[in-house]
Amino acid sequence: MPRNAPSKDIDTSNNERLMRYLQDLHQADHPDPSPEHAASRFHTGRVPNGRQSGNKPRLMLMGQRRSGKSSISGVVFHKLPPSETLYLETTTQISQSSMHSFMDFQIAELPGHIDFFSPDFDQADIFGNIGAVIWIIDAQDQYLDALTQLLNTITYLAQEWPNINVEVFVHKVDGLSEDFKNDTFRDIRQRIQDELSDLGYDNAPVSFHQTSIYDHSIFEAISKVIQKLLPQLPTLESLLNSLCSSCRIQKAYLFDILSKIYIASDTSPQDTTSYEVCSDLIDVVVDVGEIYGWARPPVDGKTGDQRTEFNNHACESMVTMEKKGHKYLYLREMNSYLALVCIMSDDNPMERKVLIDYNVGVFQEALSKVFQWK
Amino acid sequence: MMSTGSSSKRQKQRKVLLMGKSGAGKSSMRSIVFSNYVAKDVRRLGATIDVEHSNIRFMGNLMLNLWDCGGQDGFTESYLTHQRSHVFASVAVLIFVFDVESREFNADLINYASIIRALYEHSPGAKIFVLIHKMDLIASQHRTSMFNERSEHIRQVSHDEGFGGKGEGRGKEVEFWGTSIWDQSLYKAWTRVIYFLVPNAGVIEGLLRQLADVVEAHELILYERTTCLMVTHISRPYETEGNKHPDRFEKLSAILKAHKQSVAKHTGMPAGSANFAELQIKTGEFMFLITRLTENTNLAVVLPSGEARYNAARINIALAREQFGELDIPTGKSVQRDRAAEAAMTSRSYDPKMYEEMMRRHQDEDGERVGSSYG
Ligand SMILES: Nc1nc2c(ncn2[C@@H]2O[C@H](COP(=O)(O)OP(=O)(O)OP(=O)(O)O)[C@@H](O)[C@H]2O)c(=O)[nH]1
Ligand SMILES: Nc1nc2c(ncn2[C@@H]2O[C@H](COP(=O)(O)OP(=O)(O)OP(=O)(O)O)[C@@H](O)[C@H]2O)c(=O)[nH]1
Ligand SMILES: [Mg+2]
Ligand SMILES: [Mg+2]
């Protein structure tokens, strides 16, 4: 598994880079969504495939000042501990950062105070190559102004860039009581939907999420945002579904190991703790790997040969519970970026390990075809 | 045979006092280490009224008898006066917690002095661990100097009250640890306390070393299941020298504790009973296995890669459980050793004589040893 920290290149001061970035956007071209994907309303499957941008899902964070944009990109893409976001300073320019992983995710922040409609900005440069706009609303604050701005953005995008998904994060819900949280969420969604409907934009691709950087919810929400941009999602989902039924898996996730974003899961219903427990298992495996995965000196001249024999052993992990009737967890590295993590639905893995190994092998092979790995 | 060692098989109750000023963080660390709290939960704790007792069973018949003594002036006053002999008699360990942020360090020192004076009176053989706590509140570049400065003062006071130094009737050397509930330093300090208290660490290590040889392990780590505190470890010299994480033992405690909490949340079980039967991680570079060894302990095993070796190790550990179980559970009857089990110990034959010899030798010792690194 890769152990290097994600590359960190938030760079607000360097205008040259910013210009290059904006030019990059300009030269990109977009594949048309295939009919299969167009059927799903919000699944655009539109990974912008610019010549220079490669295969990078690009996200744009928007929202009022202090709503939490920099915190989100710090926590999700740079492993910034949530408590350290208290010291983040206001972002003054469009800033972007990227993470080199399974896909080179790119995430840009549009500062709250920038009026991107002004002639100083070329909107095509800003939005031309964006897959999704994530709009952050601070749920602990007054939000009516934010809703007005959000509405303007949605209607603008619906007219000019109808392929861009708008993902509304009702954010900082950690500080709220369960009731208040749900009421706030419902209120925000209702207001936006009513307004859009009045304006005749019922079909605008807008979705809503409840998020906080202090728990797993932000990772889940970002996962869902990114999934919608993957052209391969429907294929991955059906592969995972068939893996689940052949191995009696209750829930299966395909994770990006570094970011702990899951890029697909089977389509059975899930509760949030399923994602959490799987994501936490990745932590255990990566942390233990960091401690013990070092090249030891060869013993008796034997270890040298053995190393070549086992070096390609894909990382695998299994956790069985002591109490009978409890599920067990299974993790298997797919390549150096992706891992399959499953909650198995019975408590005796050993009996069917061969079956699991076989089916996971088949899955892995299908995966390499989908992504054209060598 | 085991039955001859009946005296050592009785449970050892070891009394541990947890003291220090009110608000120093005693109950916080107790809740995290022993009750599966996470660091951000401790804000909910109220001040401790009088003394809160908890009992924790460890390896080798060790029963930890923890006294969390509320630190408000009124209570301290009472410990030092009419409860004096009740509190300070037959103490094995005093853990004294200093709040590094305290603005009244001199008053804290005076308080400390009167506590250890009482300790010396009633339990002169007790061991003192001083924890300089809440180190997270000090900027990282000042931590070492702050720690050194504070411990020097405290060492001096300890010495004046009879602890440390050579000579007739001197108490044991005092140990100092900088701690914080926000990182693994807490586990590091408590691991030292546990190691000091485990009565038959020598025997356990002897058995573990044999097991390590049999399964060809890079490293074995024995830890208590509830707290995830390490009891002891056996490491090959190359692992001790070459591994870039000398703090891996307390790191592992923290990792396993977090995992336990995650599983508890998912299954809806209380964290105390969210135990896994087995955890395995196999990679091209190493293989890692955690499994239960005795009623209260788990064994983490780090092995070279290879399925055959891995499977043999799993079997050998299962077979060794019985021998370790004898250390854990007091039984009156003489123990029948499973012949098949012995035969299955493949790579090296297991020597019961050596084991008994170790047990006998150990009865004369008194769990006096303090942690060291093994090769
Ligand atoms: N309670 C809570 N606070 C959060 C959360 N996310 C961010 N914050 C806090 O919100 C404050 C502002 O966060 P930033 O990330 O700087 O906000 P921003 O949107 O980038 O602000 P500008 O750059 O000024 O536009 C910080 O103090 C964060 O700690 C959350 O999920 N919960
Ligand atoms: N920053 C920081 N705060 C801590 C740490 N440990 C404990 N605290 C805080 O210290 C406060 C007091 O902790 P307690 O554990 O209740 O203190 P106590 O020593 O048990 O107090 P008494 O029961 O009155 O003797 C809590 O609010 C904790 O949040 C630490 O390592 N770092
Ligand atoms: Mg910002
Ligand atoms: Mg207390």
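Which residues are buried in H2(B)? Lys26(B), Ser27(B), Ser28(B), Met29(B), Arg30(B), Ser31(B), Ile32(B), Val33(B) and Phe34(B) are buried there. Buried means under 20% relative accessible area, exposed over 50%, and partly exposed in between, with a 1.4 Å probe and protein chains only. Nine of the 10 residues of H2(B) are buried, so this helix is largely enclosed by the rest of the structure. Helices (H or I, at least four residues) and strands (E, at least two) are DSSP runs, numbered from the N terminus. Just after H2(B), Asn36(B) takes a positive phi of about 60°.

The model is predicted: local features need pLDDT of at least 70, side-chain atom pairs count only at pLDDT 80 or more, and totals for chains, interfaces and linings use all residues. Residues are numbered from 1 along each chain as its sequence is written, chains are lettered from A and ligands numbered from 1 in the order in which they are written, and side-chain values use heavy atoms, with hydrogens and water left out.

The protein donors of the magnesium ion (ligand 4) are Ser27(B), through OG, and Thr48(B), through OG1, at 1.9 to 2.0 Å. Ser27(B) belongs to helix H2 (residues 26–35) of chain B, while Thr48(B) sits in the loop between H2 and strand S2 (51–57) of chain B. The two are 21 residues apart, and the pair links distant parts of the chain. Both Ser27(B) and Thr48(B) are buried. Donors are N, O and S atoms within 2.8 Å of the metal (3.2 Å for Na, K and Ca); water is not among the atoms, so sites may look incomplete.

In chain A, attention turns to ligand 1. Of the 22 residues around ligand 1, Ser70(A), Ser71(A), Thr85(A), Thr91(A) and Asp174(A) come nearest. A residue is near a molecule or strand if one of its heavy atoms lies within 4 Å of it. H3(A) gives the largest share of the shell, three residues. Oxygen atoms of ligand 1 lie 2.8 Å from a polar backbone atom of Thr91(A), 3.0 Å from a polar side-chain atom of Glu109(A) and 2.9 Å from a polar backbone atom of Ile213(A). The protein covers 93% of the 660 Å² of accessible area that ligand 1 has on its own. Accessible areas come from the Shrake-Rupley method with a 1.4 Å probe; for residues, only the protein chains shown count as cover.

A salt bridge is a side-chain nitrogen of Lys or Arg within 4 Å of a carboxyl oxygen of Asp or Glu. Lys172(A) and Asp138(A) form one such bridge (3.0 Å, N to O). Lys172(A) lies in the loop between strand S5 (165–171) and helix H6 (178–199) of chain A and Asp138(A) in strand S4 (residues 132–138) of chain A, so the pair ties together parts that are 34 residues apart in sequence. Lys172(A) is partly exposed at 22% relative accessibility, whereas Asp138(A) is buried at 14%.

Asp187(A) and Arg191(A) also meet in a salt bridge (3.0 Å, N to O). Both lie in helix H6 of chain A, four residues apart, about one turn of the helix. In chain B, Arg117(B) pairs with Glu161(B), with the closest N and O atoms 2.9 Å apart. Arg117(B) is partly exposed, with a relative accessible area of 42%; Glu161(B) is buried, at 16%. Glu316(A), Arg332(A), Lys353(A) and Asp357(A) are linked in a network of salt bridges.

Terms used: Polar contact = N/O pair within 3.5 Å; in protein donor to acceptor, adjacent residues only side chain to side chain.
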